[in-house]
Amino acid sequence: MSRPLIGITTSDRKSRLAWWFDWFAVWRHGGRPLRLSPERPRPAALDGLIIGGGDDIQANLYDAELQLDVRVDPQRDELELALLKHFIPRGTPVLGICRGAQLINVHLGGTLDPDIYTTHEGLKRRRTVLPRKTVDIAENSRLHELLGARWCRVNSLHHQAVNRAGDGVDIVARDRNGLVQGIESRHHDFLLGVQWHPEWLIFNRPQQRLVRALVNAARAHRAG
């Protein structure tokens, strides 16, 4: 059977190195990665979808105050919201990574914390692709089932986070500071998001199980 087609959203500015990690994460587990960005044509069909990491999400999309000192990508927001609107009702498996988890939550009516460092006093600034943060996973959640762990060490590249969960969304992971690190939908077979970047953790078995699970779900979805 041919590889399932997995769309991966990025900005048009994304580096080749960062895209290579996205590409490799999907390819190694049997998927066929397809880069999606505002300047690239949108596919008529996908077997699975990853909403990737990147710039901040526009504050007006979740009724927050405009942040003047952040970089946003309105064209990418528009693309990804259109993709979610199209593919979620069709049961297409979707994984949100970092910004992608936040966008899924916004799409489903939730809100974000626009800057965790101004709303959480004393929070240590942390920006690293290395697994330096500890995250606790809710037992009996889909994320717990996929990772096969009650806690994990992850990287941290964000300064926004999920605040109020969207419609039908469960918060299933938090770090030791209480910040949301994982969400999943109660109404879909595979619609979840993580605040970290599993694609950078290429030797971490639980994180690779997460990507593999998306590819396997995409294959099953295609088979119908």
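Mentor: Let's start with a term: buried means under 20% relative accessible area, exposed over 50%, and partly exposed in between, with a 1.4 Å probe and protein chains only. Helices (H or I, at least four residues) and strands (E, at least two) are DSSP runs, numbered from the N terminus. This is a predicted model, where local features need pLDDT of at least 70, side-chain atom pairs count only at pLDDT 80 or more, and totals for chains, interfaces and linings use all residues. Residues are numbered from 1 along each chain as its sequence is written, and side-chain values use heavy atoms, leaving out hydrogens and water.

Trainee: Which residues of H6 are buried?

Mentor: Helix H6 covers residues 205-223. An α-helix has 3.6 residues a turn, so residues three or four places apart point the same way. The buried residues of H6 are Gln207, Gln208, Leu210, Val211, Ala213, Leu214, Val215, Ala217 and Ala218.

Trainee: How many Å apart are the end C-alpha atoms of helix H6?

Mentor: The expected span of a helix is 1.5 Å times one less than its number of residues. For the 19 residues of H6 this gives 27 Å, and the end C-alpha atoms agree, being apart by 27 Å.

Trainee: Which residue follows H6?

Mentor: Look for a positive phi, near 85 degrees.

Trainee: Which residue meets Glu80 in a salt bridge at 2.7 Å, N to O?

Mentor: Glu80 lies in helix H2 (residues 74-87) and its partner in helix H3 (residues 99-107), so the pair ties together parts 19 residues apart in sequence. The partner is Arg99.

Trainee: Is Arg176 buried or exposed?

Mentor: Arg176 forms a salt bridge with Asp136 (2.7 Å, N to O). Arg176 sits in the loop between strands E9 (169-175) and E10 (180-185), and Asp136 in strand E6 (residues 128-137), so the pair ties together parts 40 residues apart in sequence. Asp136, at 31% relative accessibility, is partly exposed. Arg176 has 57% relative accessibility and therefore counts as exposed.

How values were computed. Salt bridge = Lys/Arg side-chain N within 4 Å of Asp/Glu carboxyl O.
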